[in-house]
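Dear colleague,

Please find below the structure I am handing over to you, together with its sequence.

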Amino acid sequence: YVDYIRELNTKGKQSEVPKQEQENINNITTRTHCCKLKKAIYGLVQAARQWWKKFKEVILQMGYKPSLADPCLFYRDKPTRSFIIIYVDNGGIFSDEKTIQEVLSELGKSFKVKYLGKLENFIGCKLIENKERDTIWIHQPKLFKHLEQTFGKLIEGVRDYKTPAAPKTTILRPQPGDTLIDADQQKLYRSGIGMLLYLVKH
């Protein structure tokens with residue numbers, strides 16, 4: 001598990017980012033002047049773009065290629081097969097221990113890198129390795145537990161269905177006089193649907 005400190009290499013060429021002047025800057029006409037940032041600053045909208053641009057540039061120079069399945073997954077076959085996943089400034093390296101240390105050393109030339117040990121948790125997911133079967137199981141126990149705690153009592157005794165709705169089901173807008181759920185119930189319903197959609201997608 002790797003935590004990258006998002007500090008762009010000052011030697012790298014950065015794009016110009018216009019920024020509106022602050023009111024306390026004297027002798028500047030706001031309609032005709034602007035401030036030029038000499039480097040990307042953490043927290044600005046452009047900072048994330050510059051960070052990703054720099055990281056991708058470095059990783060490609062190291063011989064990695066982006067996966068067609070996910071642009072945040074990179075792979076390299078030589079000298080030893082390895083994979084790198086990245087989410088904002090958190091990442092993971094999959095390979096043998098020697099290759100992992102070599103990759104960390106290469107990344108350390110351009111970024112401040114924290115090596116946090118074996119990857120067991122990553123952006124809300126728990127990873128379980130089975131060395132005998134040479135597999136990794138990924139699941140999200142926290143989200144499942146949260147769903148159970150929030151909606152467990154609401155769905156007690158509800159019949160299970162293989163599909164979320166019967167075929168050819170039509171959803172109608174409420175008519176005058178229909179009983180409606182209140183704002184809190186609507187919020188709870190939307191929250192549950194959002195969590196289920198997240199589980200399906202991720």
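What is the volume of the largest pocket? In this predicted model, the largest pocket has a volume of about 820 Å³. Its lining is made up of 19 residues, and those nearest the centre are Phe-151, Ile-155, Val-158, Ile-193 and Leu-196. Two elements each give two or more residues to this lining, namely α3 (141-151) and α4 (183-201). The greatest contribution comes from α4, which supplies six residues. By class, the lining of the largest pocket comprises twelve nonpolar, four polar and three charged residues.

The second largest pocket has a volume of about 650 Å³. It is lined by 17 residues, with Asp-70, Ile-85, Phe-122, Ile-123 and Ile-138 closest to its centre. The elements that contribute two or more residues here are β6 (82-87), β10 (125-130), β11 (135-139) and α4. In this case β6 gives the most, with four residues. The lining of the second largest pocket divides into 14 nonpolar residues, one polar residue and two charged residues.

Is Pro-66 buried or exposed, or does it fall in between? Its relative accessibility is 36%, so Pro-66 counts as partly exposed; the limits that apply are under 20% for buried and over 50% for exposed. When neighbours within four places in sequence are set aside, the contacts of Pro-66 are Leu-60, Leu-73, Phe-74 and Tyr-75. As a further point of reference, Ile-84 stands 18 residues from Pro-66 along the chain, and the C-alpha atoms of the two are 9.4 Å apart.

For the protein as a whole, the secondary structure consists of four helices and eleven strands. Of the 202 residues, 23% are buried. Among contacts with a separation of 6 or more, 50% are between residues 24 or more positions apart. The accessible surface amounts to about 16500 Å², and carbon and sulfur atoms account for 54% of that area.

With kind regards

Note on methods. Residues are numbered from 1 along each chain as its sequence is written. This is a predicted model: local features need pLDDT of at least 70, side-chain atom pairs count only at pLDDT 80 or more; totals for chains, interfaces and linings use all residues. Side-chain values use heavy atoms; hydrogens and water are left out. Buried means under 20% relative accessible area, exposed over 50%, partly exposed in between (1.4 Å probe, protein chains only). Contact means heavy atoms within 4.5 Å. On a 1 Å grid over the protein atoms alone, a cavity is a set of points where a 1.4 Å probe fits but cannot get out, and a pocket is an open set with protein on both sides within 12 Å along at least five of seven lines; lining residues have an atom within 4 Å of a point. Grid points are joined across faces, edges and corners, and a volume is the space filled by probe spheres set on the points. Ala, Val, Leu, Ile, Met, Phe, Trp, Tyr, Cys and Pro count as nonpolar, Asp, Glu, Lys and Arg as charged, and the others, Gly among them, as polar. Accessible areas come from the Shrake-Rupley method with a 1.4 Å probe; for residues, only the protein chains shown count as cover.
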